[in-house]
Amino acid sequence: MNKTKITGIVIAVLGLLTALIPTVIFKVCEAMDGKFMKCHWTSQTEVAVGIATIVLGLLIVVSKEKAAQAAYAVASAINGVLVILIPTVVIGVCGSHDMPCHSGTQPALIIAGSLIIVTALINAVSYVISKKKA
Amino acid sequence: MSAFNESFRFGIRNIRKRPYRSFCLVLAAVIGSYALFVGLALKASLNNGIGRMQERMGADLMIVPESSEIEARNILLTGEPEFFYMDVAVATAAAEIEGVECATSQFYFTSLSSDCCSTRVQLIAFDPDTDFVIGPWIDERVTSDVSNGSVIIGSEVTPLSNGKVKFYGNEYSVAGKLGETATGLDHSVFMSRDTMHGILNDAKDKGYQFLNPEDDGAWVSTVLLRVSDDADITAVEKEIYNRAGGIRFIETDKLISDVAVKLGSVENIINVTLTVLLVFSFLTMILFFSVIFHERKKEFAVLRILGTSSRRICFFSLTEGITIGAAGGIIGLVLGILTVFPFNHYIENSLDVPYLMPSVAAVILYGMIGVLVTTLFGSLSSFLSTLSLAHAETYYTMRTGE
């Protein structure tokens, strides 16, 4: 198995983790007095971004065109940036450090997003280097 | 220098040539370094936490209503918002007892979950004239006076985006933030009695009534006492009890020793896990290296025939061991940092004991210890494995299996 396919698998696994972190691994806060807090909407959005990242990772694995694989990797990196921005800037989580979404979900998503970016960039950069060598 | 470079290159080539084998060895080193770094950081955080708690508990004795001992402990240890009241006469009586050096009272109430900080916080009104518990550490960080309408927030309380905090519909400016105490007080907001009176009125308007705001001067939640060194704390308790019934005493020393017992059991779990993982890491590395070097006996024999000395071969394998140990150690350290720092609040909430991260210098030291120990494991296990082959006769080794 070549390195590009391995990065595709890693991206797909990280996408799966992104979807599982706010729903299973570090669950966001329950509704309070029947009212959802913003971490709930962060969770919903992260699940969607996570699924999109899984699809992109699998496309890297099945695609035979090197250029297409690099393009999917760049798209995955953008998804990685979104994974970080959603719980920090775009939607956010609850303000208190005591809330599970603040102390658990947010740092876990930031780590997952960073790993997606690093893995995707390794893929894209190695494509650029191989293109230059050719 | 060139001999070292050659050995290093030889070692790296060997590591890269057998990725699966190298992965398993690095994984063993990762486990060792990760366990050591996380274990040491956790233990230091727990010790720091109880140390800071001891330092910050300015009172020797806390008087609370008879039925509210658990709630009062919760406020101090976990910051769980609670409220309970007793007659202000208890404070007056306690201050008059011989042996009581200083006495102050506090008034507890809570915010709404939707107000500020996404969760309910403990609101504490104190008396700046008699206070000896909060005052000494508010002064460290205060940015302006705690006047009517401004509050002091605990280190874990996050204000709104405009820098204010909101209670029962009204916003209050933050006069200062306290340093970390590793107690429930990190999750509390402190204010003067005047500010409290305003918030109680707002709460009443919204349908939440703790006490009638007109009567709030007649009630207190707790009385905090500092007893002089030569006084008998039990005698003081007895004297206060004779003058004011319906109360219970919480001794700070006893509270801290209760926490220390809980902390001791958490520390035992960390020690056992750390030891098991370190032994596992070292044994796995020894086992892997001896199996690998046993398989590579013929390779070493060829090197001997080509004129490489036994000492040089030992050096080659040592380089491999050091490289694997150091690489695993660094990866383990990075993973440890990614666990301990981003999730420190999560760990604190899960352990439910005072928890305070150690200084940066201490963290760097633990990281260095982790990497050094796994590098030592790698070099020792590779050296021991090569040593067992050093006495083998090259001729017989080459003919083995014929």
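This is a predicted model: local features need pLDDT of at least 70, side-chain atom pairs count only at pLDDT 80 or more; totals for chains, interfaces and linings use all residues.
1. Overall make-up of chain A. Chain A has 4 helices and 0 strands, and from the N terminus on its elements follow the order α-α-α-α. Along the principal axes, the C-alpha atoms of chain A fill a box of roughly 60 × 20 × 20 Å. Of the 134 residues in chain A, 46% are buried. Among the contacts in chain A that link residues at least 6 apart in sequence, 79% join residues at least 24 apart.

2. Helix α2 of chain A. This helix covers residues 38-62 of chain A, and its 25 residues, at 1.5 Å a residue, should span 36 Å, which agrees with the 37 Å between its end C-alpha atoms. The buried residues of α2(A) include Cys39(A), Thr42(A), Glu46(A), Val49(A), Ile54(A), Leu56(A) and Ile60(A); Gly50(A) and Gly57(A) are also among them. As for what these buried residues meet, they pack against α1 (3-25), α3 (66-90) and α4 (100-133) of chain A.

3. Domains of chain B. The domain assignment of chain B gives domain 1 as 2-53 + 259-399 and domain 2 as 57-251, and the C-alpha centres of these two domains of chain B lie 50 Å apart. The contact between them takes 8 residues from domain 1 of chain B and 7 residues from domain 2 of chain B. On the side of domain 1 that touches domain 2, helix α2 (residues 19-56) of chain B gives the most, with 3 residues. By class, that side of domain 1 of chain B has 5 nonpolar, 1 polar and 2 charged residues.

4. The sheet of chain B. In chain B, 9 strands form an open sheet with mixed pairing, in the order β6-β7-β5-β8-β4-β3-β10-β1-β11. Its edge strands are β6 (164-167) and β11 (247-251) of chain B, each of which pairs on one side only. On average, and with direction ignored, neighbouring strands of this sheet are turned by 35° against each other.

5. Strand β3 of chain B and its partners. Strand β3 (residues 100-110) of chain B is largely enclosed by the rest of the structure, because 9 of its 11 residues are buried, that is, have 20 or more other C-beta atoms within 10 Å. With strand β10 (residues 222-227) of chain B, β3(B) pairs in the antiparallel sense over 6 bridges, and here Ala103(B) has Leu225(B) as its bridge partner. The pairing of β3(B) with strand β4 (residues 122-126) of chain B is antiparallel and has 5 bridges, with Ile124(B) in β4(B) as the bridge partner of Tyr108(B).

6. Helix α3 (residues 69-77) of chain B lies across β1 (61-65), β3, β4, β10 and β11 of chain B and runs at about 35° to β11(B).

7. Ala175 of chain B. This residue lies in strand β7 of chain B. Ala175(B) has 21 other C-beta atoms within 10 Å, and therefore counts as buried. Ala175(B) and Gly149(B) are 26 residues apart in sequence, and their C-alpha atoms are 9.4 Å apart in space.

8. Tyr168 of chain B. Tyr168(B) lies in the loop between β6 and β7 of chain B, and it has a positive phi of about 50° although it is not a glycine. Most residues other than glycine have a negative phi. With 18 C-beta neighbours inside 10 Å, Tyr168(B) counts as partly exposed.

Key: Residues are numbered from 1 along each chain as its sequence is written. Chains are lettered from A and ligands numbered from 1 in the order in which they are written. A residue is buried if 20 or more other C-beta atoms lie within 10 Å of its own, exposed if 12 or fewer, and partly exposed in between; C-beta atoms are placed from the backbone. Helices (H or I, at least four residues) and strands (E, at least two) are DSSP runs, numbered from the N terminus. Two strands pair if DSSP finds at least two bridges between them. Domain bounds come from an automatic or database domain assignment. Two residues are in contact if their C-beta atoms, placed from the backbone, lie within 7 Å. Ala, Val, Leu, Ile, Met, Phe, Trp, Tyr, Cys and Pro count as nonpolar, Asp, Glu, Lys and Arg as charged, and the others, Gly among them, as polar. The expected span of a helix is 1.5 Å times one less than its number of residues. Axes are lines fitted to C-alpha atoms, for helices over the stretch in contact, and angles run from 0 to 180 degrees between N-to-C directions.
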